[in-house]
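The sequence and structure are shown first.

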Amino acid sequence: MTTALFSVAGAVAVVAAVVVVVSRRIVHAALWLVLALGAVAGCFGALQAEFVALVQILVYVGAIVVLVLFALMLTKAPMKPLPELTTGRSPFAAGVAAVLALILGAGVVFAFGNEKIKPVTDGSAKTVGTQIFKNWVLPFEVLSVLLLAALIGAIALSQRKKED
Amino acid sequence: MPLVLPLLLAVVLFCIGVYGVLARRNVITMLMSFELMLNAVNLNLVAFDAWRVDEATGQTLAIFVITLAAAEIGLGLAIVLLLFRGHGHVDADAARDLEEAS
Amino acid sequence: MIATVWRVAGVGFSLLILLFAALLYGATPDQYAFMNSQVGDLTIGFAVRTDDLTVLLLAVVGVIATCVQVYSLGYLHQRAASYHALVTLFTAAMVTVVISDSLFFLLIGWEVMGACSYLLIGHYWERRDARSGAVKAFLMTRFADVGFLFGIFVLGLGAHTFRISEIDPARISPGVLTTGTLLLLVGVVGKSAQVPLQTWLPDAMPGPSPVSALIHAATMVAAGVFLIARLYTVFSASGTTLTVLAIVACVTMLFAALCASAAVEVKRVLAWSTVSQLAIMFSALSLGTADGRHAALFHLATHAAFKGLLFLCAGVLLHQVGSAALVVLRRYTRRGKLRKALQVTFLTMTVGLAALAGVPGFAGFFSKDTVIEAAWEKARDGSGLGWLVLVSVCLTAALTTFYCLRLWLWTFFRTPALAGGIGAFEDGDAAADLDEPDSSKLRDAPWVMLAPLVLLAVAAIALGYADGVHLNWMIGLISTALVLLGALPAYSLWRRGADPRPLLLEREFGADPAYHGLVVVPVRWLAKLTVAGDRDVIGAYVRAVGRTGTLASQGFRRLQTGNVQTYLTAAVIGVVALAVLAGVIGS
């Protein structure tokens, strides 16, 4: 059951991701990104990681993609398809990516070819919360400082300079 | 469920992200490809967490990564805006200010 | 100030040599070795000795050096400090050669003399002929010194000692002896300007006249004669070397005397006569007898006196008239000015030329007769070598008289021929004589220059009697006949106002062009080849390295595109390649 669910979600994610990187309309690509990220959230769900899946939908779909769309609007991204959206190196880049995929995939198959995942239900918010605040408190706090720094950095960067 | 299935999915997503970063001209689409790569990593974390029957360590790290991704996209888009203000475009190919003068 | 110091030091040093010679006169021969070091089974170091030969040479060097130093006080005003310092060093080097008992110590003096002669000949380095003459002298003597150095090696290693007094020719194998003495002979021939290394001496004439006097009378060229006299036991033990020496000497004396007969400049005539007279000394040495050695040294002493005198006289002509070329001197002579204005010079030069020519009663007559007598003694024993020397010296004596009288007459006397013999030296350019020379300021030299002349003139007469007169009347008669034989054609030519100079003699037998073609041109070609090789072969490699670096960096510059994605692609490829490599190595 979970396997089938995962497979479907995974297939959707792959297709959506491919469209994201080959689409000629930037806004469409952003919207397809929503679908890809959502499908990955589905995969999380299939792996009994409900909290991560929810956070994925909230943060990615809800915040990040919206941010990207804002950026597209601010940079006056055209709606019409652009033929030169990919560079002349794209076949080469595709080759590099394919080789990388081959190597990584072969490695994964060789290393974990016979392993199985048993369905265990421990992905609740309670479990994750306990982990965060029991074992990972310090990284969590550091991460919050990092977020603050990123916030301030983004403001400082995007601020217009005074005329003088 | 075989462990290979989510791992292979992660590999495929990562490589699509790599292709996007290397081949896309628009800086915003490069950032989107970064998101795809980060997602592939998350998928790995969650899959190994499920496999090891652990105390949800992988999921915790996945949440941390999502947070990092949020910070990264915020800064990245700020940089993109700066680039647009400076050059009037967001074309990674055309932003060659560091080129060797010939 | 510095010039004054050096003047005083130079004169003082020369007088000191004279003092030493006087102190050492009659002392028992002695030797002293110092600073010796053992190299293997050989002892190399310094050693000095005193004996009759040393005292004789010290006296000669002292007298000539004193005369030259005093004379130079009046003669030279330009760069006097360096001049007097160099003359002093030159004299000191000759003294080193004279007193040394170690072959290496002798070599040091020998080489220092070569360097000093180079510097002194080039004293007027603004003049091109002085520069080239200096370089020529340096190159030729240095070439000969290579042979000299190897001769020292061969002889010293063969005799197992470098002490001159310890070399015993009986203990050296004949082959080594001949090789060593022949190599030494090369150095001697170069230093004393014998054939075939004779051309540097006439070309050294642009140097100051006192230096010429010093070189020709007491140092440098006399060093060659001295060396053979010093190593006489060794040289006389090798018949081959003596034969070679005799042939070289005989060829040189005739060659040089012929060249002197055709030279048109006073100093050049004197230079060639020096070469000729040195050859007479060598021929006496080549007889291999004690009489021969004695004759050579006697002639060396008298020659030093009259040749020093003659060069100093030529210096007066240069100093007072401005040139020693016969064509210039003739302008004054034809108007009867020269002889009257320069009376002391005229008289002393007459004495000097008479001594050189061997006029009976003068020093040259006695010393030359000693040589002839020694050769006659040898020839009477049935030696072909003796006959060769005898005939050559007799011929040379006649030739010497010829060119001496020619020089004397043409320099100081108006020829009774039509128009005063115009055209004899002007190469048919009669107009060369038209301008009246300003002779109102022509007067004799200051007394500092004349005093050495008088002293040497006295010596040029008196030295002939210093050895005790033991004249062989037969030989004296022959010698006088030879003098007359040489004098008659010179006088008759002068009377007729003609001075025929065969082209071959005027070009000095073409030795210089031949050497130029045989040595200078090939060396220049080699030099050009070397330069080309350095520039086009060795330099090409160096330039290629630089060019490669530049080209490579230009290529690498292209990689710096400024495009972030290119860099990223390269990075990813690198990661992939590393992964593949790790897999290959791991498997």
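Leaving aside its neighbours within four places in sequence, with which residues is V61(C) in contact? The partners are I17(C), T91(C), M94(C), V95(C), V98(C), A218(C) and T219(C), where contact means that C-beta atoms, placed from the backbone, lie within 7 Å.

The model is predicted; local features need pLDDT of at least 70, side-chain atom pairs count only at pLDDT 80 or more, and totals for chains, interfaces and linings use all residues. Residues are numbered from 1 along each chain as its sequence is written, while chains are lettered from A and ligands numbered from 1 in the order in which they are written.

V61(C) is also listed, with I64(C), L214(C) and A460(C), among the residues with the most contacts inside the largest nonpolar core. Such a core is a set of buried Ala, Val, Leu, Ile, Met, Phe, Trp, Tyr and Cys residues joined through C-beta atoms within 7 Å; buried means that 20 or more other C-beta atoms lie within 10 Å of the residue's own.

| Core | Residues | Members include |
|---|---|---|
| Largest | 185 residues | V61(C), I64(C), L214(C), A460(C) |
| Second, separate | 82 residues | A36(A), M1(B), W51(B), V90(B) |

Helix α2 (residues 52-75) of chain C, a DSSP run of H or I with at least four residues, has 19 of its 24 residues buried, so it is largely enclosed by the rest of the structure.

Between chains, 61 residues of chain B are in contact with 75 residues of chain A. On the chain B side, α3(B) supplies the largest share, 21 residues.

Technical notes. Contact = placed C-beta atoms within 7 Å. Helix = DSSP H or I, 4+ residues; strand = E, 2+ residues; numbered from the N terminus. Buried ≥ 20, exposed ≤ 12 C-beta atoms within 10 Å, placed from the backbone.
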